[in-house]
Amino acid sequence: MDENLLNDVVAAALKAGADAAEAVGAERRSLSVTVRLGDLEEVEREESRDLGLRVFVGRRQATVSGSDISPEARAKLVERAVAMAKLAPEDPYAGLADPDALARGDLPDLDLYDPAEPTAAELEDRARAAEAAARAQPRVTNTDGASGAWSSSRWTIVTSGGFTGVHRASGFSIGASAIAGDEGGMETGYDGRSARWQADLPAPETLGAEAGRRAAARLGARKIASTTAPVIFENRLAASLLSPLIGAIAGPSIARGTSFLKDRLGQPVFAKGIFVTDDPHRPRGLGSSPFDDEGVRNQRRDLIEDGVLTTWLLNSSSARQLGLSTTGHASRGLAGPPGVSPTNLTLRPGEKDLSALMKDAGSGLLVTSMFGPSLNGNTGDWSVGCSGFWFEGGELAYPVSEITVAGNLIDIYGRLVPGSDLEIRGASNAPSLLVDALAIAGR
């Protein structure tokens with residue numbers, strides 16, 4: 001969206017009675033194609049251009065957004081935002097980011113934009129290739145389809161404090177879902193990948209074949225009796241264990257006192273040797289950005305350093321509430337004030353591969369699918385439904401399903417052993433993670 005247009009919106013808000021204002025523009029184009037059983041099922045194209053406005057009247061704030069950016073609509077948007085702010089309750093911590101925290105000068109080039117724009121026919125070919133490879137796997141009897149997609153986005157922010165920033169990115173993805181069946185029933189398997197640059201995607205045939213293989217491997221899944229045993233979380237999903245950590249160190253949670261880690265800053269939370277890094281400047285990273293959503297400069301940080309919790313994740317509001325400085329983790333959409341979120345989150349790998357972790361554990365559960373997590377944010381008590389494989393003697397024995405794993409996250413984090421099999425598949429990544437003993441609820 002044109003920076004001049006956003007500057008005009010900010011100026012209009014100040015003229016209408018706002019003491020400060022922030023305008024953001026989001027432009028997006030996307031194309032996705034889905035096939036199923038060799039036939040074209042869906043083609044979806046999107047083009048959007050949206051405007052968001054946040055205004056401050058004293059310590060009162062309001063946000064509004066809209067997709068109509070005509071002069072008349074912009075005038076109404078400004079009028080509505082200022083009127084809402086005048087009626088809003090006072091928030092002593094509201095306000096634009098402090099000027100000395102803003103990203104000034106040359107911003108890092110993160111290589112996030114690939115100008116390639118595949119046609120619908122090219123995306124269809126990729127989806128067909130992925131599905132065909134899935135269907136070619138032994139015991140695969142059906143599919144839930146395969147897809148190819150592309151997107152291009154541009155995010156612009158302008159504030160009355162003098163900041164202007166533009167963030168442009170592209171995205172490409174391929175995914176396939178296979179169904180395997182035998183006399184005992186049916187199982188599903190999925191594989192997919194997303195990347196900023198088209199050339200960084202794996203071959204569709206590789207993804208499809210893996211989806212089929214994972215579905216077939218699940219056939220004959222058993223239920224097991226409740227027990228306590230070692231549990232390994234496969235690298236594809238192990239980063240899910242970090243989601244509660246992020247919620248627990250988010251500034252708003254700390255300010256409300258609703259975090260199970262609220263008293264643990266500067267203390268060991270994980271075992272020695274564990275590092276969890278957040279890096280907004282990873283080239284081509286799916287979570288990368290040159291500044292946060294308040295225009296604040298961001299940087300690589302070890303959130304967990306040698307097991308020790310080093311920082312909260314702060315935006316300007318939560319930082320003021322806690323008497324600290326923002327860490328550049330503000331995150332927002334077009335509507336509503338900023339929250340906080342990480343960027344590219346990575347748990348540093350260890351020295352042993354998955355096979356070695358299983359041998360160390362002897363027998364236990366390898367989790368390959370998780371669903372329906374439950375968390376008590378105040379205590380850290382956590383449980384999740386899962387399926388996977390039972391292993392014995394360090395070798396996979398048979399697939400298992402309909403089980404729940406549970407424990408307290410402070411205890412779990414303190415006993416995590418990372419494997420060496422880190423793969424960068426998304427914005428949050430971890431190697432396979434072993435916990436030496438967890439409660440497993442089965443039949």
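**View 1. A negative surface patch is formed by D39, E41, E42 and E44.** The model is predicted; local features require pLDDT of at least 70 and side-chain atom pairs pLDDT 80 or more, whereas totals for chains, interfaces and linings use all residues. Residues are numbered from 1 along each chain as its sequence is written, and side-chain values use heavy atoms, with hydrogens and water left out. A patch comprises residues with over 30% relative accessible area and no salt bridge, like charges being joined within 9 Å and nonpolar side chains (Val, Leu, Ile, Met, Phe, Trp, Tyr) within 5 Å. Asp and Glu count as negative, and the place of the charge is taken as CG of Asp or CD of Glu. Accessible areas come from the Shrake-Rupley method with a 1.4 Å probe. With a relative accessibility of 42%, E42 counts as partly exposed, a class lying between buried (under 20%) and exposed (over 50%).

**View 2. R332 and E22 form a salt bridge through their side chains.** A salt bridge is a side-chain nitrogen of Lys or Arg within 4 Å of a carboxyl oxygen of Asp or Glu; by this rule the count comes to 24 salt bridges. Between R332 and E22 the N to O distance is 2.3 Å. R332 belongs to the loop between β11 (330–331) and β12 (339–340) and E22 to strand β1 (residues 20–36), so the pair ties together parts that are 310 residues apart in sequence. R332 is buried, with a relative accessible area of 8%, and E22 is likewise buried, at 1% relative accessibility.

**View 3. A salt bridge links the side chains of E27 and R154.** The N to O distance in this pair is 3.9 Å. Because E27 lies in strand β1 and R154 in strand β4 (residues 140–159), the pair ties together parts that are 127 residues apart in sequence. E27 counts as partly exposed, at 25% relative accessibility, and R154 counts as partly exposed, at 25%.

**View 4. R425 and E423 meet in a salt bridge and belong to a network.** Their side chains meet at 3.1 Å, N to O. Salt bridges that share partners join R425 and E423 with D191, E210, R213, R214, E234 and R236 into one network. R425 counts as buried, at 18% relative accessibility, whereas E423 is partly exposed, at 37%.

Note on methods. Helices (H or I, at least four residues) and strands (E, at least two) are DSSP runs, numbered from the N terminus. Buried means under 20% relative accessible area, exposed over 50%, partly exposed in between (1.4 Å probe, protein chains only).
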